[in-house]
Amino acid sequence: KKVEELTILNNRGGWGMPAQQEGEGVISGLICKVNHFAIIVSDAERSKDFYVGVMGAKILHRPNFPAAGYWLWLGNIQLHLIEGKHAGVEA
């Protein structure tokens, strides 16, 4: 019985989430909040300049990771820029 209750709860997305409607995507209702997202960029400095200078992002403290990058605040979500040779899209 407990497994069945948890399965129903999971399908709703957690406590307080409405039941999933017919035809909605599987992820609908499962994400309550997004803290940050990360993108791989070929030039972290250039990308940071764009997000700060054009988009008005604020620079946050970032731990000293091996790869260059920045953590930025976009007003209600963090953007993590990670420099990598395999970047396919530049901001």
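In this predicted model, the face of helix α2 that is turned away from its buried side carries the exposed residues R46 and G53. The buried residues of α2, by contrast, are A44, S47, K48 and Y51, and seen down the axis of α2 they fall within an arc of 100 degrees, so they line one face of the helix. An α-helix has 3.6 residues a turn, so residues three or four places apart point the same way.

At the start of α2, a side-chain oxygen of D43 comes to within 3.2 Å of the backbone nitrogen of E45. E45 also takes part in a network of salt bridges that links it with K48 and D49, and the structure holds two salt bridges, which are set out below.

| Salt bridge | Distance, N to O |
|---|---|
| K48 and E45 | 3.0 Å |
| K48 and D49 | 2.9 Å |

Where do K48 and E45 lie relative to one another in helix α2? They are three residues apart in this helix, which spans residues 44-53, and are therefore separated by about one helical turn.

Is K48 buried or exposed? K48 is buried, because its relative accessible area of 11% falls under the 20% cut-off.

Notes. Residues numbered from 1 in each chain as written. Predicted model: local features only at pLDDT ≥ 70, side-chain atom pairs only at ≥ 80, totals over all residues. Heavy atoms only, no water. Salt bridge = Lys/Arg side-chain N within 4 Å of Asp/Glu carboxyl O. Helix = DSSP H or I, 4+ residues; strand = E, 2+ residues; numbered from the N terminus. Buried < 20%, exposed > 50% of the residue type's maximum accessible area, 1.4 Å probe, protein only. Arc of directions from axis to C-beta. Polar contact = N/O pair within 3.5 Å; in protein donor to acceptor, adjacent residues only side chain to side chain.
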